[in-house]
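Below is a walk through one protein chain, beginning with a single residue and ending with the chain as a whole. Keep the sequence and the structure in view while reading.

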Amino acid sequence: SIEETLRIEPEEIIKVEGREVIRRQRRTIPLVPLSEILGVPAIGHEGAKIPIATIGFSGHRMGFIVDALVGEQQIVIKTLGDHLAKIDNVAGVTILGAGEVVPILNVPDLMENARMRAGQKSGKVVTEEHTGPMTVLICEDSFTTRELERSIFEAAGYDVEVAIDGAQGLQK
C-alpha cells in the first residue's frame, strides 16, 4: 500500500483548512505524524528533511510523517492469532534475521485513524486516566510465542510479566 517514500523540506508542508498537507503530482495529500497514530514518542526533524511515506488505500491517499526511512526488504508476515487479533493498527509481525520481532502495520486501521486525526471524520474520543504503565501477564508454554507477545506488549508501553504455564501464571 506504500505508494511513495520521500524526504521533504519543512517549507513544503502547507496548511489547508487548518490541516497540514503536501502537494505531490497535482494532488493534495494530508499529512499525519505516524507517532501520533501509534501513540509513541516522535523523533524531531529540526532543520532536516522530513521523511514521509504516502499510502494509498481504497481510493484515498495519506502521508505519514515517520521517524526515518531505513530500507526495503521482503518479509513473511505472521498473524497474531485470535487472542491478539484486535490490536489496533497491527496486522501481524515478522521476525528479522537477527531475531528482532517487528510489527506489521494494518493499512485500513492506519487510514481510518489518520482520517480521524486529520479532521476528515469526526468521532467520539474516550479518554481514561492511568497512573503509570499498565501490567500484562502472559501465560504461554511456547517460548517463541511468549517472547513475541512480550515484545509486542512492551512496544505498546505495557509492563510485562511472563509465565511458562497457567499454574505459574496463577501464582504470579
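Glu-149 is buried but forms no salt bridge, and Arg-146, the nearest side chain of opposite charge, is 8.1 Å away. The model is a predicted one. Glu-149 belongs to helix H3, which covers residues 143-155. Leaving aside residues up to four places away in sequence, Glu-149 touches His-83, Leu-84, Ile-138 and Glu-140.

Val-32 sits in strand E4, residues 27-33. Its relative accessible area is 1%, and Val-32 therefore counts as buried, since the cut-off for that class is under 20%. Val-32 and Arg-115 are 83 residues apart in sequence, yet their C-alpha atoms are 8.7 Å apart in space.

Val-40 is placed in the loop between helix H1 (34-38) and strand E5 (50-57). With a relative accessible area of 36%, Val-40 is partly exposed. Together with Leu-38 and Leu-105, Val-40 makes a nonpolar surface patch of about 190 Å².

Now the whole chain. It contains four helices and 10 strands, and from the N terminus the order of elements is β-β-β-β-α-β-β-β-β-α-β-α-β-α. The C-alpha trace spans about 60 × 40 × 35 Å along its principal axes. Of the 172 residues, 31% are buried. Among contacts with a separation of 6 or more, 51% are between residues 24 or more positions apart.

The accessible surface of the chain is about 11,600 Å², and carbon and sulfur atoms account for 50% of it. The chain carries 18 positive and 26 negative side chains, with the centres of the two sets 9 Å apart.

How values were computed:
Residues are numbered from 1 along each chain as its sequence is written. This is a predicted model: local features need pLDDT of at least 70, side-chain atom pairs count only at pLDDT 80 or more; totals for chains, interfaces and linings use all residues. Side-chain values use heavy atoms; hydrogens and water are left out. Patches are made of residues with over 30% relative accessible area and no salt bridge: like charges are joined within 9 Å, nonpolar side chains (Val, Leu, Ile, Met, Phe, Trp, Tyr) within 5 Å. Accessible areas come from the Shrake-Rupley method with a 1.4 Å probe; for residues, only the protein chains shown count as cover. A salt bridge is a side-chain nitrogen of Lys or Arg within 4 Å of a carboxyl oxygen of Asp or Glu. Helices (H or I, at least four residues) and strands (E, at least two) are DSSP runs, numbered from the N terminus. Buried means under 20% relative accessible area, exposed over 50%, partly exposed in between (1.4 Å probe, protein chains only). Lys and Arg count as positive and Asp and Glu as negative; His and the chain ends are not counted. Contact means heavy atoms within 4.5 Å. The place of a charge is taken as NZ of Lys, CZ of Arg, CG of Asp or CD of Glu.
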